[in-house]
Amino acid sequence: MIENDVAMTSTLAVYEISVPGRGPIDERIYDILAPEIAAEVREIAQVRRNATLDSGIGIHPDVYQKALEYEYAFVQAGGTLAAGVDPTGYGAAPPGYGDQKNYELLLEAGFTPAEVVQIMSANGARVLGIDDETGTIEIGKVADLVVLEGDPEADGHIRETRIVFKGGVGWDAPKLIDSIRGIVGIR
């Protein structure tokens, strides 16, 4: 992949959900899901929480740890890593919240906060072929970025989003969340 400049996209938040013994799903996710989807996700999450390592349910923690190590090694060897979410119909890693979880999981994999920001922004734009328009903060580029409260390097998370800029227009993040509360996952 590295020799042929083939990028890889990390979707750790999607897989982490299926690993017995990992932390619970972020409660904020249940708030935005449609009630029937939230109920399904809670049921699946309960099965995962109660699974034993020898039950064959989910992804074994050792396999998941190897995925973390692989992504880190891939970048250290010169590979281009981007990150995103792929809700796969399950609903527990929706865009936004799933991306915030990916940030935390990439830190767990060994990346620095600055490296994770690059993976999730500049690298993503490069992989999509739009890095001349967005992905980094530069004069002449479209302002697609978030304004956070707190210090991601100190806190280890990017959960306190205040403003989302898309196409150069700023949106109040809490109001955006309120506008989708209880409807995500409706087809």
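Analyst: A residue is called buried when its relative accessible area is under 20%, exposed when it is over 50%, and partly exposed in between, using a 1.4 Å probe and protein chains only. The model is predicted, so local features need pLDDT of at least 70 and side-chain atom pairs count only at pLDDT 80 or more, while totals for chains, interfaces and linings use all residues. Residues are numbered from 1 along each chain as its sequence is written, and side-chain values use heavy atoms, with hydrogens and water left out.

Leu53 provides an example: its relative accessible area is 52%, and it is therefore exposed. This residue sits in the loop between H3 and H4; helices (H or I, at least four residues) and strands (E, at least two) are DSSP runs, numbered from the N terminus. Leaving aside residues up to four places away in sequence, Leu53 touches Pro20, His60 and Pro61, where contact means heavy atoms within 4.5 Å.

The part examined next is H5. Two packed helices are described by the angle between their axes and the distance between the axes. The axes are lines fitted to C-alpha atoms, for helices over the stretch in contact, and angles run from 0 to 180 degrees between N-to-C directions.

H4 and H5 pack with their axes 9 Å apart, at an angle of about 80°. They are therefore roughly perpendicular to each other; this word covers 65 to 115 degrees, whereas angles under 35 count as roughly parallel, over 145 as roughly antiparallel and the rest as oblique. On the H4 side the contact involves Tyr64, Leu68, Glu71 and Tyr72, and on the H5 side Leu105, Leu106, Glu108 and Ala109.

With H6 (residues 113-120), H5 (residues 97-109) crosses at roughly 135°, and the axes come within 9 Å. H5 is therefore oblique to H6. Asp99, Asn102, Tyr103, Leu106 and Leu107 of H5 meet Pro113, Val116, Val117, Ile119 and Met120 of H6.
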